[in-house]
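Biologist: Please take me on a close look at one part of this model, slowly enough that I can follow it on my screen.

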Amino acid sequence: MSLTDPITFNISSIVKNFNITGEIAEAEAFGNGHINDTFLLKNKDLDSPDYLLQRINHHVFKDVPKLIDNIHLVTSYLKNKMLPGLEPGKNQKVLKLISTTDEKLFYKDEQGNYWRVYLFLAGSRSYDVVSTEQQAYEGGKAFGYFQTLLSDMDPLQLSETIVDFHNIQKRLKDLHIAINEDVMDRVAGVGAEIDFIREREQGMSVIYNWGRSGLLPKRITHNDTKFNNILFDADDKAECVIDLDTVMSGHVAYDFGDAIRTIINTTAEDEPDLKKIQINIPLFKAYAKGYINEAHAFLTDTEVESLFLGTMLLPYMQGVRFLTDYLQGDTYFKTAYPGHNLVRAKAQFQLLIKLEEQDQLLRQIIADTVADHKRKYKEEKI
């Protein structure tokens, strides 16, 4: 892509506002995120790093300065915790925001768009579909380690970048409003999906209710643990957790469930052929092992119990969100074709059906993983 391509953005003009090293030769679209626009900036100087430029969707994230403050607080905290005494075998790095020429961490252009730049981790890669148990295990370690490092940071330091992001009661309320308003005249065609949601409303509110009653503590959580938000090195070792826009106060079950949602599915989240959607139990087991091995030290018994509930809740909630957006006219998530959000919703509900069919096995895997880790921990202490 040209740096001055008028069809998109004047990348060259935007980049000049950041303290980058070298000279940017070209920019290309990067990743497949639903919300922000991301560009890989390739440096003309081979001795200088490449960068990631992102346009932050300020229609989704209403207060970009607070969002950037969150990221700065978290990355600074992670850097201080990780680098001085990094444990042997840890391969994680921390995202680095690049400052602007006026010493801010974001730039607002004349059109009102917000931009930020990260240092690009050379040689890193991400996966939309997990293919090996090694990848799943490393992913569990990555998010478990991320939560562990932040477990003693006060959640009240962070702003709520998207209000009620994982509040299932709010998501269901939004859906009911969309059904009643039916602005696109689409409700008649999704009766089966609406019935599916209504049948499970009460059971999907357990984590919410536990949180409100104080049974589940608030932690600093990632809140968008899709597997492609982990960067891996060439040896498939987890290198860095990325996309920190939604890092804020939450429950660990949300992070666990959303990761499983994208790991255990044998196809992409927008697979139109529902018969292809199956679940990969070995990948579930591998991720749970990696996560619990890292996060065991701070998890309460109730939080451990909530992990399975999160596994069920997050596909359900994501399906509710996709269906709501479809009924409202596809105003939130980027879509590639008409009906894309409905295809996504149906795929999430089919995934949930497959998970429900294996609920006892999944519960047992978590329990066995916790018990095995406790046994090994005791043996190491002897």
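Modeller: Happy to! A crossing of two helices is left-handed if the near helix is turned anticlockwise from the far one by less than a right angle, and right-handed if clockwise. The model is predicted, so local features need pLDDT of at least 70 and side-chain atom pairs pLDDT 80 or more, while totals for chains, interfaces and linings use all residues. Residues are numbered from 1 along each chain as its sequence is written, and side-chain values use heavy atoms, without hydrogens or water.

Let's begin with the helix pair. Helix H9 (residues 301-328) packs with helix H10 (residues 340-357) at an angle of about 160 degrees, and their axes are 8 Å apart. H9 is therefore roughly antiparallel to H10 (the term applies to angles over 145 degrees). The axes are lines fitted to C-alpha atoms over the stretch in contact, with angles from 0 to 180 degrees between N-to-C directions; helices (H or I, at least four residues) and strands (E, at least two) are DSSP runs, numbered from the N terminus. H9 and H10 cross in the left-handed sense. On the H9 side, the contact (heavy atoms within 4.5 Å) includes Met312, Tyr316, Phe322 and Leu323, while the H10 residues they meet as a group include Leu342, Phe349, Leu352 and Leu355. Between H9 and H10, the contact residues divide into 13 nonpolar, 5 polar and 3 charged. Here Ala, Val, Leu, Ile, Met, Phe, Trp, Tyr, Cys and Pro count as nonpolar, Asp, Glu, Lys and Arg as charged, and the others, Gly among them, as polar.

Now turn to the sheet and follow S5. The sheet is open, with 5 strands in the order S1-S2-S3-S5-S4 and antiparallel pairing. Strands S1 (24-29) and S4 (107-108) are its edges, each pairing on one side only. Pairing requires at least two DSSP bridges. Strand S3 (residues 51-56) joins strand S5 (residues 114-119) through 6 antiparallel bridges; along them, Gln54 is opposite Arg116, and Ile56 has Tyr114 as its bridge partner. Tyr114 is also the bridge partner of Lys108, where S4 and S5 pair antiparallel over 2 bridges. S4 and S5 form a hairpin with 5 residues between them, and Gly112 in the turn has a positive phi of about 90 degrees.

Helix H2 (residues 64-82) lies across S3 and S5, at about 15 degrees to S5. S5 is mostly covered, with 5 of its 6 residues buried (under 20% relative accessible area, using a 1.4 Å probe and protein chains only).

Technical notes: Angles under 35 degrees count as roughly parallel, over 145 as roughly antiparallel, 65 to 115 as roughly perpendicular and the rest as oblique. Buried means under 20% relative accessible area, exposed over 50%, partly exposed in between (1.4 Å probe, protein chains only).
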